[in-house]
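Visitor: I am new to this structure and would like to be walked through it. Please show it, and then let me ask about the parts.

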Amino acid sequence: MNLENIRYHIAVTLLVLGCSIPIMGIVVWIITEMIPLEGRALKIAYITTYAAIVLFGLRFYIPRMRGMT
């Protein structure tokens, strides 16, 4: 792996990590409108949703963003 690939992977990873936060908030807000969550259950919902969105985003964007960043 050369330095260009490392730079690309870091850029896309940071992009996905940052852009997943608003999406996570919207998804958890929709979930809490249907199911009232408080305390620890709400934190688990945030973490689980964030992890799922990040994993999907990394799987989807790493091969598709080549040459754009």
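Guide: One term is needed to begin: a residue counts as exposed when its relative accessible area is over 50%, as buried when it is under 20%, and as partly exposed in between. The model shown is predicted.

Visitor: Is Phe56 buried or exposed?

Guide: The cut-off for an exposed residue is over 50% relative accessible area. Phe56 has a relative accessibility of 59%, so this residue counts as exposed.

Visitor: Which kind of aromatic pair do Phe56 and Phe60 form?

Guide: There are two aromatic pairs by the rule used here. In the pair of Phe56 and Phe60, the centres are 6.0 Å apart and the planes are at 10°. Planes under 30 degrees apart count as stacked. The pair of Phe56 and Phe60 is therefore stacked.

Visitor: Where do Phe56 and Phe60 lie?

Guide: They are four residues apart, about one turn of the helix. Both lie in helix α2.

Visitor: What is the angle between the ring planes of Phe60 and Tyr61?

Guide: Phe60 is partly exposed at 33%, and Tyr61 is partly exposed at 36%. Their ring centres are 4.9 Å apart, and the pair is edge-to-face because the planes stand at 80°.

Visitor: Which residues do the ring pairs link into a cluster?

Guide: Phe60 pairs with Phe56 and also with Tyr61. The cluster linked by ring pairs is made up of Phe56, Phe60 and Tyr61.

Visitor: How many helices and strands does the chain have, and what is its radius of gyration?

Guide: The secondary structure comes to two helices and zero strands. For 69 residues the globule rule gives 11 Å, and the chain is well over that, so it is more spread out than a compact globule; its radius of gyration is 15 Å.

Visitor: What box do the C-alpha atoms fill?

Guide: The box is taken along the principal axes. Its dimensions are roughly 50 × 20 × 15 Å.

Visitor: Which residues meet in a salt bridge?

Guide: The structure holds one salt bridge. Side chains of opposite charge can pair when their charged atoms come close. Here the distance from N to O is 2.7 Å, and the two residues are Glu4 and Arg7.

Visitor: How many residues apart are Glu4 and Arg7 in helix α1?

Guide: Glu4 is partly exposed at 46%, and Arg7 is partly exposed at 39%. Helix α1 covers residues 3-34, and Glu4 and Arg7 are separated by about one helical turn because they are apart by three residues.

Visitor: Which residues does Ser20 touch, not counting those up to four places away in sequence?

Guide: Ser20 is in helix α1. Its relative accessibility is 3%, so it counts as buried. The residues it touches, with that exclusion, are Tyr50, Ile53 and Val54.

Visitor: With neighbours within four places left aside, which residues is Thr49 in contact with?

Guide: Thr49 is found in helix α2, residues 40-64. At 13% relative accessibility, Thr49 counts as buried. Its contacts, with those neighbours left aside, are Met24, Val27, Val28 and Ile31.

Visitor: What share of the 69 residues counts as buried?

Guide: Ser20 and Thr49 both count as buried. For the chain, the share of buried residues is 17%.

Visitor: Which residues make the nonpolar surface patch of about 480 Å²?

Guide: One of them, Leu3, is in helix α1 and is exposed at 71%. The patch is made by Leu3, Ile6, Ile10, Leu14 and Leu17.

Definitions and conventions:
Residues are numbered from 1 along each chain as its sequence is written. This is a predicted model: local features need pLDDT of at least 70, side-chain atom pairs count only at pLDDT 80 or more; totals for chains, interfaces and linings use all residues. Side-chain values use heavy atoms; hydrogens and water are left out. A salt bridge is a side-chain nitrogen of Lys or Arg within 4 Å of a carboxyl oxygen of Asp or Glu. Buried means under 20% relative accessible area, exposed over 50%, partly exposed in between (1.4 Å probe, protein chains only). Contact means heavy atoms within 4.5 Å. Rings of Phe, Tyr and Trp (its six-membered ring) pair if their centres lie within 6.5 Å; planes under 30 degrees apart count as stacked, over 60 as edge-to-face and the rest as tilted. Patches are made of residues with over 30% relative accessible area and no salt bridge: like charges are joined within 9 Å, nonpolar side chains (Val, Leu, Ile, Met, Phe, Trp, Tyr) within 5 Å. Accessible areas come from the Shrake-Rupley method with a 1.4 Å probe; for residues, only the protein chains shown count as cover. The radius of gyration is taken over C-alpha atoms; the globule rule is 2.2 Å times the number of residues to the power 0.38.
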